[in-house]
Amino acid sequence: MAEKRTDLALEARESFPRGHVEVQGVVLEKHYCEEGQAQITMVKIKDDAGSKAMKKPKGTYITIESELMLREEADREPLLLCICEQLEKMIGKMKQKSVLIVGLGNREVTSDSLGPKMTENLFITRHLEKELGSSFMEQNEYGCVSAIAPGVMAQTGIETSEILEGIIKKTKPDLVIAVDALAARSVKRLCTTVQITDTGISPGGGVGNRRRELSEKSLGVPVVAIGVPTVVDAGTIIGDHLEHVLEKQGYSEQEIEQFLSEILTGDTENVMVTPKNIDASVGRISRDLADVLNHCFQKKG
């Protein structure tokens, strides 16, 4: 049976067999915020053994899950502050440095337009520092923020990493934050989950279209990635449902595996599914992530 695609480290950890409490080199911690309405999970991959087991780079992955992301604006505000707090923990003192925010994805494809749409709502200030000076920035509590939505290779013919290498060489940011739509293996996590990681990102990885990674190793500056799952592959939905039904009917794990391997052929591997209200969801989440970044970099403490 084909491997279930996911960009979420939390789901990669959950994919281990039941009862597999510990994975060598991987630390898992959970807690809650907003009176239990948001679950925060930290997956820390500490060494090469953990990286190999999880099939993800070493580093820290923080996942915030909450149905509050589907609520009205006033109800979402406490959750956004919670996300901002987790981001600030991740970047530490880098908050006071200059930051380049990158909106990854294809603006013409709704489920992949989260990054580009997010950049439209950012408060950009790098030009103000050049025009009005550092004293103006300090007086107004503005951080130095620049942003770009570089598009995808099919539109530009250029790898995103190549575009960013040129921009970074010229503008010299201290930190890159990349925002992208992700793929999940659980329908329940679509548009209700945010992942923050200090490992960077490989654009398109979750949908089998992996491009060159954006990381400190490749770009020369720290890269923090923020993502929200907007798609799940069809094979995962079919497989999970059939597995649940067959388990209830008493089939063994081996029999279920054999059945699913025959049912889930290559026809399902290239089909991605997204919620029917994805237009509204992406619009809302893109504004929310921009609000989080604006609050994080444009206000002290």
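This tour goes through the cysteines, the nonpolar cores and a surface patch of the structure above.

The model is predicted, so local features need pLDDT of at least 70 and side-chain atom pairs count only at pLDDT 80 or more, while totals for chains, interfaces and linings use all residues. Residues are numbered from 1 along each chain as its sequence is written, and side-chain values use heavy atoms, with hydrogens and water left out.

**The cysteines**

Begin by selecting C33 and C82, which are joined by a disulfide with an S to S distance of 2.3 Å; a disulfide here is a pair of cysteine sulfur atoms within 2.5 Å. In general, such a link is a covalent bond between the sulfur atoms of two cysteines. C33 sits in strand β1 (residues 26-33) and C82 in helix α3 (residues 73-91), so the pair ties together parts that are 49 residues apart in sequence. Helices (H or I, at least four residues) and strands (E, at least two) are DSSP runs, numbered from the N terminus. Both C33 and C82 are buried, where buried means under 20% relative accessible area, exposed over 50% and partly exposed in between, with a 1.4 Å probe and protein chains only.

Next, select C144, which is in no disulfide and has the sulfur of C296 as its nearest cysteine sulfur, 14 Å away. C144 counts as buried because its relative accessibility is 14%. Moving on to C296, you will find that it too is in no disulfide, the nearest cysteine sulfur being that of C84, 4.5 Å away.

**The cores**

Now select L87, I177, I196, I226, L293 and F297, which touch the most other members among the 40 residues of the largest nonpolar core. A nonpolar core is a set of buried Ala, Val, Leu, Ile, Met, Phe, Trp, Tyr and Cys residues joined through side-chain atoms within 4.5 Å. Helix α12 (residues 278-298) gives the most to this core, with nine residues. Apart from this core lies another, of 18 residues, among them L8, V102, I168 and V223.

**The surface**

Finally, select V187, I237, I238, F259, I263, V271 and V273, which make a nonpolar surface patch of about 490 Å². Helices α10 (234-248) and α11 (253-263) each supply at least two residues of this patch. Within the selection, I263 lies in helix α11, and I263 counts as partly exposed because its relative accessibility is 41%. Nonpolar patches are made of residues with over 30% relative accessible area and no salt bridge, with nonpolar side chains (Val, Leu, Ile, Met, Phe, Trp, Tyr) joined within 5 Å; a salt bridge is a side-chain nitrogen of Lys or Arg within 4 Å of a carboxyl oxygen of Asp or Glu, and accessible areas come from the Shrake-Rupley method with a 1.4 Å probe.

Terms used:
Patches are made of residues with over 30% relative accessible area and no salt bridge: like charges are joined within 9 Å, nonpolar side chains (Val, Leu, Ile, Met, Phe, Trp, Tyr) within 5 Å.
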